[in-house]
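Visitor: Please show me the structure, and then let us go through some of its details by question and answer.

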Amino acid sequence: MAPSPADAPKVDIILVFRTSAHPASKYPSKHEARENAASAEAEYARLLATLQGAGLRATGKRGQKNGQVLVFVWAPTVKLAKMVQRERYTDFLRGLPSTELVTNDTSVVTDPALLAPADRLRLVYEFVTSTRHDGGLGVVPGSKEWTRVESVFALHDHKFNDLWMRSWTRRQIGFGIGKVELDKIKDQFGEAVALYFAFLSTYTLSLGYIAGLGVVFYVLRMPYSVIYSSLLVLWSVTFVEFWRIRERSLAVRWGTRGSFRVERRRAQYGNSSGGNDNKFPWWKRDARILASLPVIFLFAAALATLLTAIFLFEAFVTQLYTGPGQTIISFSPTLLFVALVPQLLGVYHSYAVKLTDWENHAHQSTYEASLTLKTFALSAVVAYLGLALSAFVYVPFSEQLMGSVSRTLFATSAAVGAHATRAADFITATGVAGTTGKSAEFNVWARSAKTDPSRLQNQMFAYTVTNQAVGTFTEVGLPFVTRKIDEWRASRKAKANLGTGASGASSGSSVASSSTPKKNGKRVVFEDEESGEKEEREFLASVRHEVALPDYTLFGDYSEMVTQFGYVALWSTIWPLAPVMAFLNNWLELRSDAFKITTHCRRPIPFRTETIGPWVDTLSFIAWLSALTNSALVYLFRPTSFPSSTAGGTAINTSDHPLNASCPAPTSTTEPFSLTSTTTFSSSYNYSSLVLPALLLALGASHAHLLARLLVRHVLERAVWRGSRAAAQEEEAERAVKAWYLRSLGVEDAEGRLGEVGREIVESEGGAEGESANADLGNSDPEDATGFWTRDEGLDEIRKEIKDA
């Protein structure tokens with residue numbers, strides 16, 4: 001068990017230092033080993049000298065693995081006070097409004113213990129990792145100067161984590177998070193993590209409205225309703241615009257409004273001239289961003305092609321093939337997806353990182369924004385392309401699609417089970433086997449080949465229920481399993497080393513960790529670890545356990561929630577219960593994400609931010625796209641009526657629908673697979689008559705979305721933001737900073753108050769100047785030779801009127 005804060009040493013951050021290099025051979029020679037040891041010793045000594053020379057306390061301890069050293073760093077009170085003062089003045093000079101500075105509150109400067117834990121960690125971390133140009137030490141993991149520094153992390157506050165999880169699982173059982181709770185998260189993990197939980201809470205609460213509508217329309221059996229789709233689009237627009245105001249209000253509350261002005265430069269950022277100005281031309285960066293677009297489009301096209309091929313193969317297996325092994329072959333599309341899609345995404349991600357590095361972003365926020373957009377773009381293709389193909393290709397054009405598959409796969413093969421005759425009849429009747437470019441008689445088998453009517457609903461259930469359940473297990477349960485497996489392997493390896501005496505040969509580099517083997521139920525302690533008190537050994541064991549944890553990144557959590565928002569906004573017209581499933585899932589997501597941060601990941605490094613970054617624009621784009629998809633879904637699948645049974649048809653099944661306008665039903669009913677109709681079939685006419693109205697409808701929906709967004713933004717700005725406490729606080733903060741600065745210069749403000757400098761001038765010179773002014777009051781003014789300013793006739797006129805009355 002981790003020691004209590006009172007017993008544990010004071011530690012701000014920990015640097016993971018690697019003593020071993022990455023040699024070309026697994027077993028380096030003695031000469032290579034000596035060179036590596038000398039290089040590691042020199043860099044380690046330079047690291048300690050840099051940290052200690054800057055006024056920090058630093059010491060090294062053995063790490064979790066061989067060849068790993070943990071450098072503990074702590075900032076004394078005097079050094080931390082200088083960091084606080086430096087940050088305040090930097091914020092003021094760069095235009096970041098701060099009410100702490102104008103109130104002359106020096107308690108935090110004189111007693112840094114009053115700092116929030118997140119602020120303390122952020123100050124120390126920025127001081128150590130910022131470039132020397134920004135006043136830091138420049139110790140950045142992976143940089144050219146520090147090749148052996150692997151990572152920097154902070155230790156968890158286990159007492160806070162336990163209280164947090166107990167509060168959220170026992171007392172706070174609702175769907176939202178209050179401002180007080182958000183403030184606690186901000187004080188512990190920083191503004192970025194607090195903003196994520198604020199976003200998740202706001203999004204979950206907003207889901208309650210559309211979930212209620214979904215239940216109503218589902219109970220009333222009104223699928224693809226125009227009313228529900230219109231309200232769904234309006235809800236998505238309202239949520240995005242409301243969140244813009246919500247994050248602005250939180251930024252004002254936490255004092256991070258405009259924090260981008262004080263963001264430190266990335267250590268990997270380099271200028272083009274090599275000078276000290278450290279500037280990179282904006283047009284070069286934009287040119288590189290444009291140059292990376294073809295690569296992104298190439299991978300997107302490859303991914304879309306792969307997914308479409310898997311989709312067609314899956315449609316063939318489930319609709320046409322009934323031959324040997326049909327049950328086993330039906331799983332092959334899933335196996336292909338699992339085997340190929342992650343590999344392609346992994347290759348693309350490596351190229352996305354290289355392209356983003358090449359763009360040479362000056363700040364970490366812009367770097368992460370660029371990488372986020374690149375990564376999420378292809379993730380969205382994987383998430384939504386299957387539904388798009390089913391809704392806009394498979395269902396409307398299933399007959400033509402199945403005909404193309406039959407023509408391709410069955411022209412030279414007859415082993416298709418019961419559908420072999422139908423496929424051969426289709427190929428012969430339509431002339432695709434020999435004659436091309438001719439109109440053919442309508443094929444009854446193709447028209448009679450019905451698609452799965454519940455395919456779209458089944459897909460929505462899989463995406464909004466099954467996938468979310470699997471994702472929750474992956475986040476919460478799977479790390480436990482993998483960690484236990486790793487500990488078991490490490491335990492077996494350590495036991496083998498103890499049995500063969502290998503531990504004695506390497507006792508100088510052996511490390512006891514949380515996974516150290518146990519003998520007779522007791523933890524084995526190595527001889528070289530006997531030094532130190534019991535509390536210190538337990539503390540180091542806890543630290544080594546946290547070293548093995550992965551870093552926490554917000555990208556995965558934001559990506560999951562934004563993808564879910566896309567399912568609800570874009571496709572819940574198909575299945576109105578999708579918002580209900582998302583609403584219930586997010587109640588668990590609030591707690592599972594908190595559990596993941598406190599248990600399965602390292603403590604997040606705090607940093608100031610005022611927005612969730614590129615995810616706002618992504619949400620806005622999805623809200624716009626929802627207007628297009630919902631209008632298209634209603635146009636294609638709207639019911640001709642709302643029957644009480646499930647036998648009701650949709651618009652695409654009626655004879656007056658553009659898709660079926662030129663294809664009347666066959667006249668014969670006794671031979672369903674014979675060609676009795678003489679009506680010609682022109683697929684090009686069907687495509688144009690279906691697509692053209694859909695495009696016009698999408699264009700109108702796009703313009704309607706723009707108007708709705710302007711109206712919603714106008715109403716919310718006046719109803720929620722203007723006149724709110726946050727808006728008044730923002731204005732007052734800026735005004736107070738300017739007034740405090742002017743008073744410090746001795747300039748009198750509007751209320752007649754003088755600053756410190758002004759009061760000193762009045763006290764030192766006021767007496768002499770007052771006597772001189774009184775003495776000269778009766779003398780003539782050289783600038784008023786005519787006496788215009790000394791003759792006042794107002795009182796005479798008033799007295800005259802009184803006398804006349």
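Visitor: About how many helical turns separate F199 and Y203 in helix α8?

Guide: The model is predicted. Helix α8 covers residues 191-219 and holds both F199 and Y203. The two residues are 4 apart in that helix, so their separation is about one helical turn.

Visitor: How many aromatic pairs does the structure hold, and are the rings of F199 and Y203 stacked or tilted?

Guide: The aromatic pairs in the structure number 30. For F199 and Y203, the ring centres are 6.1 Å apart and the planes meet at 10°. Planes under 30 degrees apart count as stacked. The pair of F199 and Y203 is therefore stacked.

Visitor: Is F199 buried or exposed, and what is the relative accessible area of Y203?

Guide: A residue counts as buried when its relative accessible area is under 20%. F199 has 1% relative accessibility and therefore counts as buried. Y203 is buried too, and its relative accessible area is 1%.

Visitor: Is the pair of F199 and Y558 stacked or tilted?

Guide: The ring centres of F199 and Y558 lie 5.9 Å apart, with the planes at 55°. Stacked pairs need planes under 30 degrees apart and edge-to-face pairs over 60, so the rest count as tilted. The pair of F199 and Y558 is tilted.

Visitor: How many residues apart in sequence are the parts that F199 and Y558 tie together?

Guide: Both F199 and Y558 are buried. F199 belongs to helix α8, whereas Y558 belongs to helix α20, residues 554-571. The pair therefore ties together parts whose separation in sequence is 359 residues.

Visitor: Where is Y224 found, and what is its phi near?

Guide: Y224 is found in the loop between α8 and α9, the latter being 226-254. With a relative accessible area of 7%, Y224 is buried. Y224 is a residue other than glycine with a positive phi, near 55°.

Visitor: What is the phi of N360 near?

Guide: N360 is found in the loop between α12 (332-359) and α13 (364-394). Its relative accessible area is 8%, so N360 is buried. Phi of N360 is positive in a residue other than glycine, with a value near 60°.

Visitor: Which helix holds E801, and is E801 buried or exposed?

Guide: D792, E793, D796, E797, E801 and D804 form a negative surface patch. Within helix α26, residues 794-804, one finds E801. The cut-off for exposed is over 50%. E801 has 53% relative accessibility, so E801 counts as exposed.

Key: Residues numbered from 1 in each chain as written. Predicted model: local features only at pLDDT ≥ 70, side-chain atom pairs only at ≥ 80, totals over all residues. Heavy atoms only, no water. Patch = residues over 30% accessible without salt bridge, like charges linked within 9 Å, V, L, I, M, F, W, Y side chains within 5 Å. Areas by Shrake-Rupley, 256 points an atom, 1.4 Å probe, with all protein chains shown as cover. Salt bridge = Lys/Arg side-chain N within 4 Å of Asp/Glu carboxyl O. Lys, Arg positive; Asp, Glu negative; His and termini not counted. Charge placed at Lys NZ, Arg CZ, Asp CG, Glu CD. Buried < 20%, exposed > 50% of the residue type's maximum accessible area, 1.4 Å probe, protein only. Phe/Tyr/Trp six-rings, centres within 6.5 Å; stacked < 30°, edge-to-face > 60°.
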